[in-house]
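Have a look at it with me.

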Amino acid sequence: MSSLAYAVSDSMTMLRRNLKHAQRYPAMSLSVVIMPVMMLLLFNYAFGGALGAGISGGPTGGGSYIDYVAPGIILMTATAGAVSTAVGVCVDMTEGIVNRFRTLSISRAAFLTGHVLGSVIQTLIAIALVIGVALAIGFRPDASAVEWLAAIGLLTLLALALTWLSAGIGLVSRTPESASNTPMPLTFLPFLGSAIVPTDSMPAGLRWFAEYQPFTPAIETLRGLLMGTGIGNSGYIAVAWCVGLTLVGYFWSRSAFGRTSKR
Amino acid sequence: MTAPTTAPILTAPPAISALGLRKSYGDKVVLDGIDLTIPEGSIFALLGPNGAGKTTTVQILSTLIAADGGQAQVAGRDLTREADGVRAAIGVTGQFAAVDNLLTAEENLLLMADLQHVPRAEGRRRAAELLRRFELTEAARKPVVTFSGGMRRKLDLAMTLVGDPRIIFLDEPTTGLDPRSRRTMWEIIRDLVVADGVTIFLTTQYLDEADQLADRIAVLDRGRLVAEGTADELKRLIPGGHIRLQFADLTELDAAARHFGAAARDPEELTLRIPSDGSIPTLRAVLDVLDDAAVRAESLTVHTPDLDDVFLTLTGHGTPDTTTEMAR
Ligand SMILES: Nc1ncnc2c1ncn2[C@@H]1O[C@H](COP(=O)(O)OP(=O)(O)O)[C@@H](O)[C@H]1O
Ligand SMILES: [Mg+2]
């Protein structure tokens with residue numbers, strides 16, 4: 001086998017290991033689904049009336065509030081998945097098994113790739129469940145098959161970016177607790193974007209931040225694909241952000257993994 | 001006529017050789033020039049107290065960390081330039097268990113087989129064989145979280161063996177084990193060399209462990225090798241134990257200490273530890289010195305040799321801390 005074939009096979013072995021962990025100890029994976037589902041219910045049944053009234057005259061064009069908020073919350077599922085990656089990587093680093101992996105003649109990237117792919121797969125499953133709940137409580141997207149595919153592609157790309165970043169956070173965190181706290185701001189960013197309310201309803205300073213942070217173009221693109229609202233250049237900006245963050249996360253994680261030697 | 005050529009070298013190259021290995025963390029010099037030559041198919045023990053630099057040596061030789069200076073070859077490959085080649089030849093069982101707690105014992109072994117590209121069927125066969133050999137067959141399907149310390153150690157070693165390494169590093173393989181598990185571990189280690197002809201590099205804090213297992217022993221003290229040889233050679237260096245004198249107060253202790261050369265004074269315990277082979281004549285000599293000096297000792301006890309004696313004899317100071325004794 002070539003070294004690339006080895007790298008792929010080692011990554012797949014690591015992926016199987018992580019999926020086995022998730023399957024056996026589903027608590028972490030469940031927490032990824034529970035948070036967005038709670039928010040869907042909360043925003044639909046508790047706040048939906050008030051928020052929806054404010055928005056219906058605006059860019060959503062009179063649809064119900066669940067149609068506005070669901071894409072944002074679906075996207076938040078990806079951030080919740082990222083937190084679980086940071087914890088998983090950090091736990092491994094503190095358990096000593098990583099030192100064993102390092103003394104094997106295996107591809108250095110395999111350990112991280114296995115974690116990241118495992119998390120992305122779990123995140124996509126969680127996203128499917130959240131979409132299911134959204135549909136059950138009245139979300140009515142008008143997307144075509146191609147638009148659905150594009151939406152899934154965007155979500156995968158975003159999950160990949162966030163997961164590589166979180167893998168880096170997991171590597172530099174000293175304890176699993178700090179690994180779970182550090183990515184928290186990430187999970188709040190969508191709130192400070194257009195996930196819950198349109199940015200033009202925000203005060204000036206926040207609005208400026210909301211319009212230039214990466215989640216807003218991603219949310220606008222997803223909403224556009226699923227609900228047919230205008231996307232404009234958000235699509236390109238979102239993809240550029242995702243690719244950029246993926247590269248930053250990847251190289252940061254690789255170098256952090258090379259540096260952290262042992263406990 | 002051509003110039004005479006040198007005779008072909010018939011002896012096999014050493015499994016591990018190192019020259020002038022150095023490592024510092026900040027200002028702290030951890031390894032201060034270590035030279036090693038370990039022949040293939042032998043058991044080598046690196047003996048030293050806590051903090052001597054044993055783990056650091058293992059980490060360098062197993063490619064986990066880089067040395068600051070010196071060079072080393074493991075399995076005929078250069079440690080820095082051919083790290084991957086070294087990794088393909090070695091197996092490492094670190095000081096702390098490196099098992100996947102969330103998987104079962106069997107899954108841990110199969111994971112190692114997969115990562116070392118052992119074909120599936122062969123991997124299963126080896127896993128089953130190792131589980132049997134280490135008496136883990138009954139626990140094979142249980143998650144490792146539920147394992148005792150001894151079982152975990154055995155699994156850890158089994159994982160090291162899945163890839164059929166030619167050179168095995170064992171960092172304090174029996175520290176913290178109960179006496180029975182310790183003996184089992186010793187047997188397993190001996191069998192490895194007899195049955196598979198592998199080379200073993202182990203570290204230990206216990207002289208008796210090195211004595212039981214190793215063909216050659218090197219004594220590490222504060223990052224330097226202070227002695228190297230077979231167990232018998234080392235034992236000839238140390239007188240065979242020590243005599244411990246207990247005093248009533250510091251004045252008596254200090255008075256006595258002035259009359260003994262290589263003795264370790266412990267002002268907290270108010271004891272003096274004198275190297276001795278425990279024979280009647282040396283015992284009498286010690287009593288005579290006390291008599292002549294008119295110093296009164298509360299009690300006297302004779303001890304068989306342990307690591308502290310090796311240190312006392314070789315370095316003129318006791319072990320830097322008391323963990324050796326606490327760990328027993
Ligand atoms: N990563 C590190 N950073 C700073 N000091 C270290 C590090 N690793 C080891 N040391 C120091 O190096 C010395 C030797 O450590 P070690 O090799 O673990 O000893 P041993 O295994 O013989 O107990 C100790 O004083 C330890 O504190
Ligand atoms: Mg150690």
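My entries on chain B follow.

**Ground rules.** I am working from a predicted model, where local features need pLDDT of at least 70, side-chain atom pairs count only at pLDDT 80 or more, and totals for chains, interfaces and linings use all residues. Residues are numbered from 1 along each chain as its sequence is written, chains are lettered from A and ligands numbered from 1 in the order in which they are written, and side-chain values use heavy atoms, without hydrogens and water.

**Confidence.** I looked up pLDDT, the predictor's confidence in each residue, from 0 to 100. Chain B has a mean of 87, with 91% of its residues at 70 or more. Residues 1–8 of chain B stay under 50 and have zero contacts beyond four places in sequence; a contact means heavy atoms within 4.5 Å. Residues 321–328 of chain B are also below 50, yet this stretch has 16 contacts beyond near neighbours in sequence. For the complex I noted an ipTM of 0.84 and a pTM of 0.81.

**Domains.** I found two entries for chain B: domain 1 (14–236 + 311–327) and domain 2 (242–304). These bounds come from an automatic or database domain assignment. The domain centres, taken over C-alpha atoms, are 38 Å apart.

**Overall build.** I boxed the C-alpha atoms of chain B along the principal axes and got roughly 75 × 70 × 40 Å. Of the 328 residues in chain B, 48% are buried, meaning under 20% relative accessible area (1.4 Å probe, protein chains only).

Key. Buried < 20%, exposed > 50% of the residue type's maximum accessible area, 1.4 Å probe, protein only.
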